[in-house]
Amino acid sequence: MEKQINSFAYDVPPITEAIIEIRFNRALEKKELPKLLKKLASHYDHQSELEHMDVSVDLGADTVRKTNTGKRYRFASSDQTEVCILSDDRFLVSQLAPYCGWAEFKERFARDFTIWNDCTSYRQIVQIGVRYLNRIDLPVVNGEVAHEEYLNVYPSLPPMIELVDHFATQAVVSFHDLGASLRLNCGLVKSPIADHLSILFDQDIVKDKELPNTDLDEVLTILEKIRIRKNEVFEASITDKSRELFNDKK
C-alpha cells in the first residue's frame, strides 16, 4: 500500500485553481449592492462589471440562444491570482496558481463571506461547491508517456493499443455521508512545458443536501469536511512517482 501524504504539504503543488462557490435561494437586491461592492473593493486592486450570459445551443434548429441573466461583479488582486465573483444568486472565491495553501485560502473566503453576510439580508444556502483543478506535467521518454505510473485513474484499453497520445475520463460519485457528489474529470493533454504531456485532474464536489445556514462557522465546518474528502480522493488517485514531482524543488 502506498503511503498517504497530506495533499498540500508539497513543495510544488500541482493546483492551477481552487474555487469555493456558495449558491443562494434568491438573488441580490439592488439596494444591497453599493455597500457590498464598496467593502469588497477595499480588499482587491481591480474591480470589473460584466454582463452574465447563459448560452444554449439547439442542434436540431442549428441556432444559438443567448440569455442575459444579470450582471456579474469581479474583484481581483493586482497579480490576478486572487479573485472574488458575485452574480445574482452566487458568491465565488478563487485562488489561481501559485496555490497559497488551504489555511490562507480559507481565511480569505471567511473574510469575503463575512462581508457578504454583513451587507445582505438572510438567504438560504442551496449549494456549496469546492473545485480543485490540477495539472500534473509528465516527462516524455522515447516519445512515450507512462501516465499509468503517475496516476491511478485512466481508461482501460485492450492490449493491441500500446500508445495513448490523449485520453479523457469522467466519473460522477455520490458521497452519501457528506450529502454531496463528486464530478471527477481526468485527461491527458498537451503541456506548456517542452518534452512533457500533462494530466488534468479536476475535482468538483457539490453539496446540496443538509445545508447549513449562512453562519460562517457552520459553512467552514462543511468546507473542511469537503476538503478532507477531496484530499483523500486526490491521494488515492496518484502514485508515489507523482508525489516525487510535487516535492521537486528545482
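Guide: The confidence of the predictor in each residue is given as pLDDT, on a scale from 0 to 100. For this predicted chain the mean pLDDT is 87, and 84% of the residues reach 70 or more. Over residues 1-7, however, the pLDDT is below 50, and this stretch has 17 contacts in the model beyond near neighbours in sequence, a contact being a case of heavy atoms within 4.5 Å. Because the model is predicted, local features need pLDDT of at least 70 and side-chain atom pairs count only at pLDDT 80 or more, while totals for chains, interfaces and linings use all residues. Residues are numbered from 1 along each chain as its sequence is written, and side-chain values use heavy atoms, with hydrogens and water left out.

The chain has four helices and nine strands, taken as DSSP runs numbered from the N terminus (H or I over at least four residues for helices, E over at least two for strands). Along the sequence they follow the pattern β-α-β-β-β-β-α-β-β-β-β-α-α.

Helix 1 (residues 33-41) packs against helix 2 (residues 102-119) at an angle of about 160 degrees, with the axes 9 Å apart; axes are lines fitted to C-alpha atoms, for helices over the stretch in contact, and angles run from 0 to 180 degrees between N-to-C directions. That angle makes helix 1 roughly antiparallel to helix 2, a term for angles over 145 degrees. Lys35, Leu36, Lys39 and Leu40 of helix 1 meet Asp112, Ile115, Trp116, Asp118 and Cys119 of helix 2. By class, the residues of this contact are five nonpolar, no polar and four charged, where Ala, Val, Leu, Ile, Met, Phe, Trp, Tyr, Cys and Pro count as nonpolar, Asp, Glu, Lys and Arg as charged, and the others, Gly among them, as polar.

Helix 2 also packs with helix 3 (residues 216-237), here at about 150 degrees and with axes 11 Å apart, which makes helix 2 roughly antiparallel to helix 3. From helix 2 the contact takes in Trp102, Lys106, Phe109, Ala110, Phe113 and Thr114, and from helix 3 Leu216, Val219, Leu220, Leu223, Glu224 and Arg227. Eight nonpolar, one polar and three charged residues make up this contact of helix 2 with helix 3.

As for the whole chain, residues 24 or more positions apart account for 65% of its contacts with a separation of 6 or more. Of its 250 residues, 42% count as buried, that is, under 20% relative accessible area with a 1.4 Å probe and protein chains only.

How values were computed. Parallel < 35°, antiparallel > 145°, perpendicular 65-115°, else oblique. Buried < 20%, exposed > 50% of the residue type's maximum accessible area, 1.4 Å probe, protein only.
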